[in-house]
Every structure is written in structure tokens, then in C-alpha cells.
Amino acid sequence: MKFLKSLFGCVLLLGVMTTFTPTASAQSITSVPISSSDGVYLVKTVMPTPDFEFTMNNLLLVHPDSVILVDNLPPGLYPFFAFEIHTLSAGEPVDILINTSWHFDHVGLNAEFNVFDGTSTIIAHSRAGDYMNELNCIEEIGICMPPLPEEAQPTEGIRGVVKLLSGGETITLKTIENSHSGADLVIYLEEANVVHTGDIYFGGMYPIIDLAGGGTVNGMLHALNQVLASIDEDTIVVPSHGVVGNRQSVVEFSDMLRNTRKLVRKLIAEGLTEMQVMFHPSFAALDAQWGSGFIPGPVFRLIVYRDLASHRGGQM
Ligand SMILES: [Zn+2]
């Protein structure tokens, strides 16, 4: 499991947590207009490791009235990332930052944008700030995230649906409960017909579900159903991680999640242990399609097993 050790420099031992500040050390950043709407860009950052590519997809809206950025990157990449953002914005600073997740890879530059860009508004789920104030560990992948400084904290905690208007674009923010974590956001750009799913959907790979941080398999499936009900065949679906897709991509990801849940539940009922389920041959076909990202199949199964075995993943 050197996949995350090589990226974040952490010690990966299940059950033995190492507190550290995750950082990334290498990157390439590219940007493209993502729809026919003016000033809407996909900013893609690749942080290569010897084992896989860690990708982060951000959205940037550059309009005469405001510059709005969806998420940022792990700590340490502000100079590179801000250069890209400011090139696209013609030097205008970021006015509003939206955090789809409170995890380090989405908020690692919150403080820098606050201090150096003067970003005065940071919007997140109303519980995100509570998580950012604490030490949080995801035991299944061996990562701990230390509390963040005051400058990194959200200034606007929201719950439910909030709409922003910028340059003729309607930006609809919807909070998501107990899915990837306990405090996520999904962002719809109504005129551009783009949805940024944060981490409730991963593009072409197994996802992380942060059980200790409030995530559940059932919640993720519920959230995906909400997204599917809100988009059409032409919607551009931008995950925080992985390839950009469409409605059908989300359907296939939901099917993978549902099939994994069904199979893990069956194996638990048969009395198999965590380790037996992690490496069970029944998942070979799913691994061939979904296991080449930064969460290997056995690690994803460990997450699903623990969720279902705790009965939180119960009866849906
Ligand atoms: Zn993420």
C-alpha cells in the first residue's frame, strides 16, 4: 500500500495513525474552458507519484463582478496554483472560495487565499468548520488531518440550498449529509450545465468514504441519486478526482457502489473477516474497471465492510 505513502509521505499502518500535515510535491496544472458559458474553466492539477496519478479538478468562474473558485489543493502548492488562477483571472484575486469538502486536498490553500488573495468569503457546509477545527483521521487509508488555522476556516456555513449569481451564471449549492463525509457540497452551474460533485463521485475509480468523519455508503448512494435527479444527458459532470464524465458515468459509478455493497453484505453474512473480504476473488471484475485509481480495491472493500458491519450501512 505504498500508493499514499509515496504521495503524502505518511506511514501507512492500519490501526496505527501518524499525525502529519499532508503535502504534495510535484504537479502539472492545466486549464480549459469547460462549457459554452463565458469565463467558466476546469483547472486540472496532476500530482504524479511512482504508482498512480493523483488528480484534482477545480472550477474557476471569472466574471466582471466576481472571481469564484471551487476548492483548492493540498498544502504547499499555492504559488503554482495561484499563478494559474491569476493568469485566467487577468490578475484579479479570488473573491469567493467554495469548499465542497473539508478534507486537506480541497482546503489546503484556504489560508493562503485568505491572506494573499484577500479572499473574504469561504463557503462550506455548516459542519465543515467543526471538522476543520479538529484532528481527523481516516484510519482505512492511514491519513490524519490536523486542525487548520483560523485564516483557513469557512466564513459562511450553509445548510440546504443556496444560490449565487455571477456573470449571468446561476450557481446552486446543495449540502450533502453523511455521504463521502459528514459535510459535503455539490455545485450546479445552471446555465453552463455543469455539476461539480466534490468527493461524492470519483471519476472512473473507487472513492474514499470517510467513516470517522461522518461518511456512509448509503449516504453516498442517496447523494448520487439526488445528483442524477438534477442533471440531464448533456450535463458535464466534474468530480474532484478522476476523469470528467456525464450522467451515464454517474449511473455506472452508482451501480459499482451498489454491487459492492450487495456483495460485501453477503460475505459478511457468511461470516468472512475483513481481510477475507478485502482480497476475495469475487471482486476481480470490479477491480479491473475501478481499481486503478488511488484507492485500491481491497482498501475500498475495507471501508465498505466496516460501514456495513457497524450497521450504519444497514438496510437500504
Ligand atoms: Zn478529495
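Biologist: Which residue follows α7, and what is the value of its phi?
Modeller: The residue after α7 is Gly-271. This is a predicted model. The phi of Gly-271 is positive, near 95°.

Biologist: How far apart are the end C-alpha atoms of α7, and why does that agree with its number of residues?
Modeller: Helix α7 covers residues 247-269, which is 23 residues. At 1.5 Å a residue, the helix should span 33 Å, so the distance between its end C-alpha atoms agrees. That distance is 33 Å.

Biologist: Which residues of α7 are buried, and which elements do they pack against?
Modeller: The buried residues are Val-250, Phe-253, Leu-257, Thr-260 and Val-264. Their packing partners include one strand, β14 (236-238). The helices they pack against are α6 (217-230), α8 (274-278), α9 (284-290) and α10 (297-309).

Biologist: Is Asp-71 buried or exposed?
Modeller: Asp-71 lies in the loop between β4 (66-70) and α2 (78-88). Its phi is positive, about 65°, although Asp-71 is not a glycine. The cut-off for burial is 20 or more C-beta neighbours within 10 Å. Asp-71 has 27 inside 10 Å, so it counts as buried.

Biologist: And Ala-90, buried or exposed?
Modeller: Ala-90 sits in the loop between α2 and β5. Ala-90 is not a glycine, yet its phi is positive at about 55°. Ala-90 has 8 inside 10 Å, so it counts as exposed.

Biologist: Which strands are joined to β6 by 3 bridges?
Modeller: Strand β5 (residues 96-98) runs parallel to β6, with 3 bridges between them. Another 3 bridges join β6 to β9 (residues 156-158), also parallel. The strands are β5 and β9.

Biologist: Which residues touch the most other members of the largest nonpolar core?
Modeller: This core holds 85 residues. α10 gives the most to it, with 7 residues. The residues that touch the most other members are Ile-98 and Ile-187.

Biologist: Which residues does Ile-98 touch?
Modeller: Residues up to four places away in sequence are not counted here. One of the residues touched is Ile-123, which also stands opposite Ile-98 in β6.

Biologist: Which strands stand at the edges of the open sheet of 5 strands?
Modeller: The order is β10-β11-β12-β13-β14, with mixed pairing. Each edge strand has a single partner, so one side of each is left without a neighbour in the sheet. On average, neighbouring strands are turned by 20° against each other, direction ignored. The edge strands are β10 (161-166) and β14.

Biologist: What is the bridge partner of Leu-189 in β13?
Modeller: β12 (residues 184-189) and β13 (residues 194-196) run antiparallel. They are joined by 3 bridges. The partner of Leu-189 is Val-194.

Biologist: What share of the protein counts as buried?
Modeller: The protein has 10 helices and 14 strands. Among contacts with a separation of 6 or more, 67% link residues 24 or more positions apart. Of the 316 residues, the buried share is 48%.

Conventions. Residues are numbered from 1 along each chain as its sequence is written. This is a predicted model: local features need pLDDT of at least 70, side-chain atom pairs count only at pLDDT 80 or more; totals for chains, interfaces and linings use all residues. Two strands pair if DSSP finds at least two bridges between them. Helices (H or I, at least four residues) and strands (E, at least two) are DSSP runs, numbered from the N terminus. A residue is buried if 20 or more other C-beta atoms lie within 10 Å of its own, exposed if 12 or fewer, and partly exposed in between; C-beta atoms are placed from the backbone. Two residues are in contact if their C-beta atoms, placed from the backbone, lie within 7 Å. The expected span of a helix is 1.5 Å times one less than its number of residues. A nonpolar core is a set of buried Ala, Val, Leu, Ile, Met, Phe, Trp, Tyr and Cys residues joined through C-beta atoms within 7 Å. Axes are lines fitted to C-alpha atoms, for helices over the stretch in contact, and angles run from 0 to 180 degrees between N-to-C directions.
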